[in-house]
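Thank you all for coming. I would like to walk you through one model this morning, and I will take it region by region.

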Amino acid sequence: MEVENILHMKKGDGQNSYANNSLLQKSVVTKAKPVLQESIREMYHALKPDCLMIADFGCSSGPNSLLVVSEIIDIIDNERQRMNEKSPKYSVFMNDLPGNDFNAIFKMLPSFYQGLKQDKGSDFGACFISGTPKSFYGRVFPDHFLHIVHSSYSVHWLSQVPKGLESKSEEALNKGNIYIGNTSPQEISKAYYAQFKRDFVLFLRSRAQEMVHDGCMVLTLQGRFQSNDPGSLWDLLGSTLNDMVLEGIIEEEKLDKFNMPFYAPTIQEVSKLVGAEGSFYLNKLKSFTVDWSVDSSQNLENRANFVAKSIRAVTESLLDTTFGAAIMDDLFYRFKIKVKKHLSCKESQYLNIVVSLIKTRANLY
Ligand SMILES: C[S@@+](CC[C@H](N)C(=O)[O-])C[C@H]1O[C@@H](n2cnc3c(N)ncnc32)[C@H](O)[C@@H]1O
């Protein structure tokens, strides 16, 4: 599966779009804000650049994209006003894969610029926002270019489904699962971790070359409590697909070959890899949980509907490439029913990891 060419959040502003189904990611951004605030303030005091070079990696489209940009600008603008200093200029780069709906972001820019002018007044420095479509697994920017790097809910996406998941015998190695599941053999979690390690180290190494010394990077990604935790949400999606195989709606062979290009690391795995890569000082590491449905006080039907719609907005591009667009409504209706049953007997939360990294002076790699 060519993840780079296939993966994109559901475009546009329709009822299944990412723009209308990204409240989970918004709540994660909001909960991670204190770490972002502290990290940016520290960087700003250390560097005080005339023009801040800022990049959001995996920005997607919809309300969250510019929410992050305005949060970053607010943090710096409040700080410079508190210190009675001249406003810096801002150059902001929105990065995502080429299939991302960049046009939707660009269309929001005139009103975003207008809002900045009104809120911040005439002494606010200029702000330039542009798009940089390219995989973040590799170089996107020139050397020593960025002061602030941000990425939320993106780095847990792998560049490819781990190699080695294909079976050497007739039977698929990860049969019945689309991720690390209860019945997956040990090799599966090893293969997933190996792919995450390769991708995450490449991400850090690429950013290390692009960032100025003492620049700051805040990454938020989904994690898991222990390395042998199965991904129960993917278990439910896998079991929905299995039901459809049994009913002859999906071909078994297609399901055998399908695995999610996703890995949620443990806190220990993240900190170990940051240390091993060596270009960054681990300034802060926090974790927090968010209910699958964000608001656990809602009734079960609403919660299950919310989960099904948020997962659909994120995974539909991957699933319809393999199984066909025609089955998507049926698949996610069945998935919602399974989620509802699951939530009726089990509280289910995502673990989220936020790391604040500072680019150290020496590149140790
Ligand atoms: C769940 S969305 C998160 C979007 C946004 N940051 C938010 O918080 O709402 C994940 C985004 O990461 C992007 N992404 C995944 N792999 C990527 C890669 N290798 N390079 C650039 N973007 C990538 C996806 O295309 C998607 O838009």
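This is a predicted model: local features need pLDDT of at least 70, side-chain atom pairs count only at pLDDT 80 or more; totals for chains, interfaces and linings use all residues.

The buried residues of helix α10 pack against α6, which covers residues 232-246, and against α9, which covers residues 300-323.

Staying with α10, the helix runs over residues 328-345, 18 residues in total, and it reaches 26 Å from its first C-alpha to its last, close to the 26 Å expected at 1.5 Å a residue. Which of its residues are buried? They are Met 328, Leu 331, Phe 332, Arg 334, Phe 335, Lys 336, Val 339, His 342 and Leu 343, and you will notice that Arg 334 and Lys 336 are on that list together with Leu 331 and Phe 332. As a reminder, an α-helix has 3.6 residues a turn, so residues three or four places apart point the same way.

Let me turn now to the ligand, which is surrounded by 19 residues, the closest being Tyr 18, Gly 58, Asn 64, Asp 96 and Phe 136. By class, that shell has nine nonpolar, eight polar and two charged residues. Taken alone the ligand exposes 600 Å², and the protein buries 98% of that.

My next residue is His 150, which sits in strand β4, residues 146-152. Is His 150 buried or exposed? His 150 counts as buried because its relative accessible area is 5%, under the 20% cut-off. Its side chain joins that of Asp 56 in a polar contact of 2.8 Å, and among the other residues that His 150 touches are Leu 36, Phe 57, Ile 72 and Val 218.

Finally, Phe 145 lies in the loop between β3, residues 127-133, and β4, and with a relative accessible area of 23% Phe 145 is partly exposed. Leaving out residues up to four places away in sequence, Phe 145 touches Met 53, Phe 93, Glu 210, Met 211 and Val 212. Phe 145 and Gly 215, although 70 residues apart in sequence, are 9.5 Å apart in space, C-alpha to C-alpha.

Technical notes
Residues are numbered from 1 along each chain as its sequence is written. Side-chain values use heavy atoms; hydrogens and water are left out. A residue is near a molecule or strand if one of its heavy atoms lies within 4 Å of it. Accessible areas come from the Shrake-Rupley method with a 1.4 Å probe; for residues, only the protein chains shown count as cover. Ala, Val, Leu, Ile, Met, Phe, Trp, Tyr, Cys and Pro count as nonpolar, Asp, Glu, Lys and Arg as charged, and the others, Gly among them, as polar. Helices (H or I, at least four residues) and strands (E, at least two) are DSSP runs, numbered from the N terminus. Buried means under 20% relative accessible area, exposed over 50%, partly exposed in between (1.4 Å probe, protein chains only). A polar contact is a pair of N or O atoms within 3.5 Å; within protein, one must be able to donate a hydrogen and the other to accept it, and residues adjacent in sequence count only if both atoms are side-chain atoms. Contact means heavy atoms within 4.5 Å. The expected span of a helix is 1.5 Å times one less than its number of residues.
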